[in-house]
Amino acid sequence: ANAMMAALCGAPTAQELNGRNLVDAVRDPSLTDKFNAQPHLPHSVVEWSQPDGDRVRKLRGTRRIIGSHTSEETIGYVWTIRDVTQQRLADAMRDQFLSAATHEFRTPLANIRAYAESLDMGQDIDSESRKRFYNVIQSESLRLSQLVDDLLDISRMQAQGNRTSMALV
């Protein structure tokens, strides 16, 4: 165990975790069942939540089997535990953003469609109403264009940020 694992488990030092069962160290009895559901896989990954004071951490555990060179016997396991809390929060925020963006696209599209259909079907629309319908279509298409530009700006910033973080690795 290292210092980060000790911090995740609430242990004062990594040495305090030496020799302890992982399930006991992370204080999650269901972890055994989660990994035992995949007993023969050489590589298993599970995620779980762990209370940490007034918040809950999301952890991902990876288990690799260590086998004997002379037989197919399992000698032990190598565990990697990662805190994926921030990643899960970012995923949730992205999903929320996409949901809101989808809603924002639907409103102007619905208005454009409704006014275009009215213009197409309505032969007895006076010229003043016709002008107003065209203006609504124009303003809603500008609104859609601005939404697309905003999304492209966000995408460019995210791609630039990814290039920066890849360069830092």
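## Surface patch and overall fold

Methionine 157 lies in helix α5; helices (H or I, at least four residues) and strands (E, at least two) are DSSP runs, numbered from the N terminus. The model is a predicted one, in which local features need pLDDT of at least 70 and side-chain atom pairs count only at pLDDT 80 or more, while totals for chains, interfaces and linings use all residues. Residues are numbered from 1 along each chain as its sequence is written, and side-chain values use heavy atoms, without hydrogens and water.

Methionine 157 counts as exposed because its relative accessibility is 54% (buried means under 20% relative accessible area, exposed over 50%, partly exposed in between; 1.4 Å probe, protein chains only). Together with Phe97, Leu98 and Ile154, Met157 forms a nonpolar surface patch of about 370 Å² accessible area. Two or more residues of the nonpolar patch come from each of α4 (85–121) and α5 (127–168). Such patches join nonpolar side chains (Val, Leu, Ile, Met, Phe, Trp, Tyr) within 5 Å, from residues with over 30% relative accessible area and no salt bridge.

Five helices and three strands make up the elements of the chain, in the order α-α-α-β-β-β-α-α. Of its 169 residues, 25% count as buried.

Confidence is expressed as pLDDT, the predictor's value for each residue from 0 to 100.

| Part | pLDDT |
|---|---|
| Chain | mean 81 |
| Helix α3 (residues 30–36) | mean 72, the lowest among the elements |
| Helix α4 | mean 88, the highest among the elements |
| Residues 165–169 | under 50 |

Where pLDDT is low, the predicted coordinates should not be read in detail.

Definitions and conventions: Patches are made of residues with over 30% relative accessible area and no salt bridge: like charges are joined within 9 Å, nonpolar side chains (Val, Leu, Ile, Met, Phe, Trp, Tyr) within 5 Å. Accessible areas come from the Shrake-Rupley method with a 1.4 Å probe; for residues, only the protein chains shown count as cover. A salt bridge is a side-chain nitrogen of Lys or Arg within 4 Å of a carboxyl oxygen of Asp or Glu. Contact means heavy atoms within 4.5 Å.
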